[in-house]
Amino acid sequence: MPKLPECPQCGSEYTYEDGALLICPECAHEWSAEAEAEAAPQESAVKDAYGNELQEGDSVTVIKDLKIKGSSSVVKVGTKVKNIRLVDGDHNIDCKIDGIGAMKLKSEFVKKG
């Protein structure tokens, strides 16, 4: 039996189906299962600072000087980064930068190309 979604209003896990509706017995909230399917988050695409969608293996250019935490080094504006890997989390790009090594970058500080 598939697990029913939690109530979007109170977060109760005790929801049940009644025909085409999902009902929460704790707060009496009713909503349609179709609306739940539409509201389900889609896999979010990683976008650069200008809204271009990034893919695995793309090359990007840094658009802002970035200080490296715990070091006196800086990744300069215009640094090209090749063959990026997309990961989940706050820093969503894994890469290797020449002269610096393995790094994690935020997509908001790079542009595609």
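# A chat about the predicted chain

Guide: There are one helix and eleven strands in this chain, and the model is a predicted one.

Visitor: In what order do the elements run from the N terminus on?

Guide: Starting at the N terminus, the order is β-β-β-α-β-β-β-β-β-β-β-β.

Visitor: Is the chain a compact globule or more spread out?

Guide: It is more spread out than a compact globule, because its radius of gyration is 22 Å, well over the 13 Å that the globule rule gives for 113 residues. Taken along the principal axes, the C-alpha atoms fill a box of roughly 60 × 30 × 25 Å.

Visitor: And what percentage of the residues is buried?

Guide: Buried residues make up 26% of the 113 residues. As for contacts with a separation of 6 or more, residues 24 or more positions apart account for 35% of them.

Visitor: Which residues touch the most other members of the largest nonpolar core?

Guide: Those are Val81, Cys95 and Leu105, in a core of 15 residues. The elements giving two or more residues to this core are β4 (60-62), β9 (93-97) and β10, and the largest share, three residues, comes from β9.

Visitor: What does leucine 105 touch?

Guide: Leaving aside residues up to four places away in sequence, leucine 105 is in contact with Leu66, Val81, His91, Asn92, Ile93, Cys95 and Val110.

Visitor: Cysteine 95 keeps coming up; why does it count as buried?

Guide: Cysteine 95 counts as buried because its relative accessible area is 2%, and the cut-off for buried is under 20%.

Visitor: How many disulfides are there?

Guide: The count comes to zero, with a disulfide taken as a pair of cysteine sulfur atoms within 2.5 Å. Cysteine 27 is in none, and the nearest cysteine sulfur to it, that of cysteine 7, is 3.7 Å away. At 33% relative accessibility, cysteine 27 counts as partly exposed.

Visitor: Back to the strands: what is the order in the open sheet of three strands?

Guide: The order is β8-β9-β10, with antiparallel pairing. The edge strands are β8 (85-86) and β10, each of which pairs on one side only.

Visitor: How many bridges are there between β9 and β10?

Guide: The two strands pair over five bridges in the antiparallel sense. Within that pairing, isoleucine 97 has glycine 101 in β10 as its bridge partner, while cysteine 95 has methionine 103 in β10. β9 and β10 also form a hairpin with three residues between them, and in the turn glycine 99 has a positive phi of about 85°.

Visitor: Where is serine 107, and is it buried or exposed?

Guide: Serine 107 is placed in the loop between β10 (101-105) and β11 (110-112), and it counts as buried, at 9% relative accessibility. Not counting residues up to four places away in sequence, serine 107 touches Val46, Lys47, Asp48, Ala49, Leu54, Asn92 and Ile93.

Visitor: Last one: where does glutamate 13 lie?

Guide: Glutamate 13 lies in the segment before β1 (16-18), where it counts as partly exposed, at 48% relative accessibility. Its side chain makes a polar contact with the side chain of tyrosine 14, at 3.5 Å. The C-alpha atoms of glutamate 13 and proline 25 are separated by 9.7 Å, the two residues being twelve apart along the chain.

Definitions and conventions:
Residues numbered from 1 in each chain as written. Predicted model: local features only at pLDDT ≥ 70, side-chain atom pairs only at ≥ 80, totals over all residues. Heavy atoms only, no water. Helix = DSSP H or I, 4+ residues; strand = E, 2+ residues; numbered from the N terminus. Buried < 20%, exposed > 50% of the residue type's maximum accessible area, 1.4 Å probe, protein only. Contact = heavy atoms within 4.5 Å. Core = buried A, V, L, I, M, F, W, Y, C linked by side-chain atoms within 4.5 Å. Pairing = 2+ DSSP bridges. Polar contact = N/O pair within 3.5 Å; in protein donor to acceptor, adjacent residues only side chain to side chain. Rg over C-alpha atoms; globule rule 2.2 N^0.38 Å.
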